[in-house]
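Let's walk through this one together, with the model open beside the text.

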Amino acid sequence: MQRIPEPELMEEPRQAHSYAEADFSDATRLFIDLFANNFPRHRPRRVVDLGCGPGQITMAFAAAHPGSQITGIDGSSTMLEIATERLRQQSTLTRRVEWWLTRLPNSTTRSYDTLISNSLLHHLHEPQILWRQIQNWGASGAAVLVMDLYRPSSKAEAARIVERYAADAPEILRRDFFNSLCAAFTREEIHQQLEISGLADFQVKVVSDRHLAVWGILK
Ligand SMILES: C[S@@+](CC[C@H](N)C(=O)[O-])C[C@H]1O[C@@H](n2cnc3c(N)ncnc32)[C@H](O)[C@@H]1O
């Protein structure tokens with residue numbers, strides 16, 4: 001199946017709220033475990049979460065790494081309003097987590113030792129935006145973990161995945177999930193993106209029946 005891009009930003013309030021209310025605890029756990037297993041000796045200090053949405057992974061990552069200071073970035077003010085409210089309820093994290101409303105690419109000078117991102121890549125119409133941003137903001141030796149959906153072979157397979165994981169979800173969430181699967185990249189396409197951006201030594205692995213992960217250390 002050819003890729004069918006979807007809108008980049010999730011700004012519509014009903015869409016953002018139904019995404020924020022969905023149970024993504026399995027994906028969050030998978031992400032936190034992938035980081036722990038692939039970077040066992042890395043101690044995150046200055047972390048950025050690109051396309052953080054309502055901030056579930058941002059806050060779980062902060063909780064898992066008590067020495068870290070994390071900036072969650074998103075271009076959707078609706079998403080960051082939800083993230084702000086959620087952070088207010090997690091008083092132990094408020095000093096270590098901040099939100100930054102900005103649409104990538106962003107040319108500000110920054111330096112992070114840890115760069116994470118979940119489910120942003122498939123939203124980007126130009127995927128090099130993510131890989132260039134990671135290189136621009138990542139310090140030498142920085143740990144990078146990107147997780148995303150991968151594109152199934154057909155729309156019928158995408159519909160089966162939606163049934164398997166979101167049978168009882170609100171229609172707007174089912175629609176977004178289907179569109180995201182159709183907008184996602186294949187493993188081969190991501191390999192090509194990494195080759196083009198000079199990150200060919202990064203690992204790309206399928207980590208569930210719908211997710212793949214990319215990780216590596218910046219030179
Ligand atoms: C599917 S959500 C993922 C949210 C979160 N990372 C998670 O795992 O739950 C993708 C997010 O990326 C944001 N986004 C898409 N394109 C962006 C861009 N160019 N710059 C900043 N944020 C972007 C969207 O607004 C949305 O909140």
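**A helix and its neighbour**

In α5, the buried residues are Q128, I129, L130, W131, Q133, I134 and W137. Here "buried" means under 20% relative accessible area, "exposed" means over 50%, and "partly exposed" is in between (1.4 Å probe, protein chains only). That makes seven of the 10 residues in this helix (128–137), which is mostly covered. Helices (H or I, at least four residues) and strands (E, at least two) are DSSP runs, numbered from the N terminus.

A word on the source: this is a predicted model, where local features need pLDDT of at least 70 and side-chain atom pairs count only at pLDDT 80 or more, while totals for chains, interfaces and linings use all residues. Residues are numbered from 1 along each chain as its sequence is written, and side-chain values use heavy atoms, with hydrogens and water left out.

Now look at Q193, in helix α8 (residues 187–196). Q193 counts as buried because its relative accessibility is 6%. Setting aside neighbours within four places in sequence, Q193 is in contact (heavy atoms within 4.5 Å) with L121, P127, Q128, W131 and F185. Two of these, Q128 and W131, are among the buried residues of α5.

Next, the ligand. Which residues come nearest to it? Of the 20 around it (a heavy atom within 4 Å), they are Y19, G51, D74, L104 and N118. A polar side-chain atom of N118 lies 2.7 Å from a ligand oxygen, and an N or O atom in the side chain of Y19 is 2.8 Å from a ligand oxygen. M10 uses its backbone instead: an N or O atom there lies 3.0 Å from an oxygen of the ligand. On its own the ligand has 600 Å² of accessible area (Shrake-Rupley method, 1.4 Å probe), and the protein covers 98% of that.

Two spots in the backbone deserve a look. Most residues other than glycine have a negative phi, and most peptide bonds are trans. The bond from L104 to P105, however, is cis, with omega near 10°; P105 is in the loop between β3 and β4 (112–118). S119, in the loop between β4 and α5, has a positive phi, near 65°. S119 is buried, because its relative accessible area is 16%.

Finally, find Q89 in the loop between α4 (77–88) and β3 (97–101). With a relative accessible area of 62%, Q89 is exposed. Q89 and E126 are 37 residues apart in sequence and 35 Å apart in space, C-alpha to C-alpha.

Key:
Polar contact = N/O pair within 3.5 Å; in protein donor to acceptor, adjacent residues only side chain to side chain.
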